[in-house]
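Trainee: I'd like to learn how to read helix packing and cavities. Can you walk me through a case?

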Amino acid sequence: MEEENGSDGYTKDGTVDLKGNPILRSKRGGWTACSFIVVYEVFERMAYYGISSNLFIYLTKKLREGTVESANNVTNWVGTIWMTPVLGAYIADAVLGRYWTFLGASAIYLSGMCLLTLSVTIHPLKPSSCSDPIIANCEKATPLQIGVFFGALYTLALGTGGTKPNISTIGADQFDEFDPKEKAHKISFFNWWMFSIFFGTLFANTVLVYIQDNVGWTLGYGLPAIGLAISIVIFLVGTPFYRHKVPTGSPFTKMAKVIVASMRKWRVDVPTDPKELYELDMEVYAKNGKYRIDSTPTMRFLNKACVKTGPTTPWMLSPITRVEETKQMLRMIPILIATFIPSTMIAQIGTLFVKQGTTLERKVGNFNIPPASLAGFVTLSMLINVVLYDRFFVKIIKKWTKNPRGITLLQRMGIGMIFHIVIMVVASLTEMYRIRVAKENGVVENGNQVPLSIFILLPQFILMGAADAFLEVAKIEFFYDQAPESMKSLGTSYSMTSLGAGNFISSFLLSTVSKITKGDGGEGWIRNNLNASHLDYYYAFFAILNFLNFGLFLVVVRFYVYKAEVSDSMRVLGEELTASRQKVVNEEAIVVAQ
């Protein structure tokens, strides 16, 4: 029995089955469990991007909204999509656990998808058709049609709040951090996780977008709804193979207790010896499958929460481990803020990049390329770069760096940020050329098609995929890896929050720049007629913004301290427990001998 509980059988990271029983490593988890989760993600991403990729086109052509209004509606919705995971992470960590939170949210998600499909199918809810090429002459959508459509979109957004932060975390939970072989697999998991995401995205950006533009919106939205239903079934089939982490309480409440206790004892001096600070017994952590973290000198003010001054209520006294967990979540916030601007650039893919595509020649033979399908090149570029990075770059570079990841996660994120500077410079030069050709052909005022191939936009889409391979993959892994074990879902939601904030910033910047540049004459950089706009100026502004943000990133990275390996902490804890028990046995033996 002793041997079975040792290095061979049961997991050491606190994972259990749905009934709370310890589990054998050979029976659950690993790549077998992850295969269901990865396949789920392929179908779910197909469903999500089947809606989001072409949403700008639906809003402009069917709901007859202007460029700025439709772009802002897209980014506000996508921003909500990425911000609601904070709520989902809270529910998972504090109440239901990741599995049950995910299932409940999936039901909400699916209901939103079904309602959205109905809103483009049933005639009282579906906007009237209009053949006039000048959209301003068409009948506007009714308040009922707008209300149902956006109601469905935001129902869907609420559902994704519970699925997004938990599904990737459930996948990562299938690998035991304290088994060397599984830990190595976990390092590659996030690369292949992103690969599965963009495989589903590629299908949405090509096949589904084409169906929506050339066949109809009913089928174009119905297929994503069916895809989502299939993905949920696939996830449920894998249930017998999953490992689960037990909810450990609200991370927000834990952090609040530490901050409040520190502030209430702001006049108290912190002892120089960490052993004088309050901490739970080692047996408490070992018994509950939790992790003890040693005190660190960073953010020393928070250490006041551990100082014993009399009252022992949770709002007056916190153990060292809880203080260190709080420090780690707070320590990542400057990094999080530095990722907002790159996330704002990603928001342009489904809005202004698509609008540019509508002004260019899209025919290849008898085939008409949907503007939103160019996002498929982001996907392809990202897929190729992830494979090259994982299979070649890491193997070559780690010989010099001695880092199993090749380079650090923050270095990888930095390379992605450099890509974003280059992308906006390229996009600005491309748009400058497009406007020049529009002037030469006299299509500025009438807004007619510019005699240039849509493929002149390819460089900015391809470079965006390369940037994602560095920044987005590293961002997800960084916030998961650096979050305390009891706050992994919240850590994962940091990367979601970055994308959400980026989209809201995009809405703010687009509205603000549009108003400021209009002046007294009603002119502006961004108009409904893109040929008469100055999108090149707007992209140049983004290039400068990315450059300044990269400088901020370099500053915050310089002061960032990586967390200690939890597996090392657990090894030390085990050694201390063994030594402690041996000491007790020796003392008992001495007493008996006497």
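Mentor: Let's begin with what an axis is: a line fitted to C-alpha atoms, for helices over the stretch in contact, with angles running from 0 to 180 degrees between N-to-C directions. Two packed helices are described by the angle between their axes and the distance between the axes. Keep in mind that this is a predicted model.

Trainee: Okay, at what angle do helix α5 and helix α6 pack?

Mentor: Helix α5 (residues 85-96) and helix α6 (residues 98-119) pack at about 130 degrees, and their axes are 8 Å apart. The crossing of α5 past α6 is right-handed.

Trainee: Which residues of α5 and α6 meet?

Mentor: On the α5 side you have Gly88, Ile91, Ala92, Asp93 and Leu96, and they meet Arg98, Trp100 and Thr101 of α6. Sorted by class, that contact has four nonpolar, two polar and two charged residues.

Trainee: What about α10 and α12: how far apart are their axes?

Mentor: The axes of helix α10 (residues 251-264) and helix α12 (residues 320-331) are 9 Å apart, at an angle of about 105 degrees. The two are therefore roughly perpendicular. Lys254, Met255, Lys257 and Val258 of α10 make the contact with Arg322, Val323, Thr326, Met329 and Leu330 of α12. Five of these contact residues are nonpolar, one is polar and three are charged.

Trainee: And α2 with α9: at what angle do their axes cross?

Mentor: Roughly 160 degrees, and the axes of α2 and helix α9 (residues 217-237) come within 8 Å. Angles over 145 count as roughly antiparallel, so that is how α2 runs relative to α9. Their crossing is left-handed. The contact of α2 with α9 divides into 17 nonpolar, three polar and one charged residue.

Trainee: How do the lining residues divide by class?

Mentor: The lining of the largest cavity has 21 nonpolar, 13 polar and seven charged residues.

How values were computed. Residues are numbered from 1 along each chain as its sequence is written. This is a predicted model: local features need pLDDT of at least 70, side-chain atom pairs count only at pLDDT 80 or more; totals for chains, interfaces and linings use all residues. Side-chain values use heavy atoms; hydrogens and water are left out. Ala, Val, Leu, Ile, Met, Phe, Trp, Tyr, Cys and Pro count as nonpolar, Asp, Glu, Lys and Arg as charged, and the others, Gly among them, as polar. Helices (H or I, at least four residues) and strands (E, at least two) are DSSP runs, numbered from the N terminus. Angles under 35 degrees count as roughly parallel, over 145 as roughly antiparallel, 65 to 115 as roughly perpendicular and the rest as oblique. A crossing is left-handed if the near helix is turned anticlockwise from the far one by less than a right angle, and right-handed if clockwise. Contact means heavy atoms within 4.5 Å.
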